[in-house]
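Hi,

Here is the structure I promised to pass on.

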Amino acid sequence: MSNMHLDGTTIVAVKRDGKTVIAGDGQVTMGQSVILKGNAVKVRRMYDNKVIVGFAGSVADAFTLSDRFEEMLQKFSGNLMRGAVELAKAWRGDRYLRNLEAMMIVADKEKLLIISGDGNVIEPEKGICAIGSGGNYAFAAAKALAANTKLSALEITKEALRIAGELCVFTNGNITVEEV
């Protein structure tokens, strides 16, 4: 099996009432039909637990980018925006990194950002974003829940992922959640 592509995940983030939560499911899929793993952890803490990161896309690529982002945080003393911008610049400009297929959502107490391989660093409107195969479902669910309920950021991310998992075959109910 040459060119084995592993992906299939959903990451959703909500910033509300002074809390930011990133949640992700645990499914790793090969191609369009094989679930390789159901309990992968795609959301983690870094920089002395002050930053949370969720990633979607090729697993190996996401780990490479996550490690590089952690290096940038160290280099810029935990400045999330500066670390994100420098990662995006490196990602776009470096011959090796340019071929990585992944996206990341990163957050600290103040900021919530999406980082993509085309050099973009986006601060989402209204503190809600999602990436990955079920990202659009989770995003729509989170927006509706935030607009029409008093649920916490934690509750919204969990429910949005549950809904995405009912609609997207690449998203499961094994959820990892981190909050800052």
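**Confidence first**

Within the chain of this predicted model, confidence is lowest in strand β1 (residues 6-7), with a mean of 51, and highest in strand β3 (residues 19-24), at 98. The score here is pLDDT, the predictor's confidence in each residue on a scale from 0 to 100. Its mean over the chain is 89, and 96% of the residues reach 70 or more. Over residues 1-6 pLDDT stays under 50, and the model has 14 contacts for them beyond four places in sequence; a contact means heavy atoms within 4.5 Å. Where pLDDT is low, the predicted coordinates should not be read in detail.

A word on conventions. Residues are numbered from 1 along each chain as its sequence is written, and side-chain values use heavy atoms, with hydrogens and water left out. As this is a predicted model, local features need pLDDT of at least 70 and side-chain atom pairs count only at pLDDT 80 or more, while totals for chains, interfaces and linings use all residues. Helices (H or I, at least four residues) and strands (E, at least two) are DSSP runs, numbered from the N terminus.

Strands β8 (residues 102-107) and β9 (residues 112-116) run antiparallel and are joined by 5 bridges, and Met104 has Ile115 in β9 as its bridge partner.

Which residues of α2 are buried? They are Leu80, Gly83, Ala84, Glu86, Leu87, Ala88, Ala90 and Trp91, where buried means under 20% relative accessible area, exposed over 50%, and partly exposed in between (1.4 Å probe, protein chains only). These buried residues pack against β7, α1, β8, β9 and β10.

**The β6-β7 hairpin**

Strand β6 (residues 43-46) pairs with strand β7 (residues 51-57) in the antiparallel sense over 4 bridges, and Val43 stands opposite Gly54 in β7. The hairpin has 4 residues between the strands, and Tyr47 takes a positive phi near 50° there. Asp48 lies in the loop between β6 and β7; although not a glycine, Asp48 has a positive phi of about 55°. Asn49 is in the loop between β6 and β7 too, with a positive phi near 65°. For context, most residues other than glycine have a negative phi. Asp48 counts as exposed because its relative accessibility is 63%.

**The sheet of four strands**

The other open sheet to look at has 4 strands in the order β11-β2-β3-β12, again with antiparallel pairing. Its edge strands are β11 (128-132) and β12, each of which pairs on one side only. From one strand to the next, the twist averages 10°. Strands β3 and β12 run antiparallel, joined by 4 bridges, and Ile22 has Glu178 in β12 as its bridge partner.

Helix α3 (residues 135-148) packs on the sheet by touching β2 (10-16) and β11, and its direction makes about 165° with that of β11. Helix α4 also packs on the sheet, touching β2, β3 and β12, with its direction at about 155° to that of β2.

Thr176 lies in strand β12 (residues 176-179) and counts as buried at 16% relative accessibility. Leaving aside neighbours within four places in sequence, Thr176 is in contact with Ile22, Ala23, Gly24, Ala40, Val41 and Val43.

Asn172 sits in the loop between α4 (153-167) and β12, and at 16% relative accessibility Asn172 counts as buried. The side chain of Asn172 reaches the backbone oxygen of Gly38 at 2.9 Å. Not counting residues up to four places away in sequence, Asn172 touches Asp25, Gly26, Gln27 and Gly38.

Best wishes

Technical notes:
Pairing = 2+ DSSP bridges. Polar contact = N/O pair within 3.5 Å; in protein donor to acceptor, adjacent residues only side chain to side chain. Axes fitted to C-alpha atoms, helices over the stretch in contact; angles between N-to-C directions.
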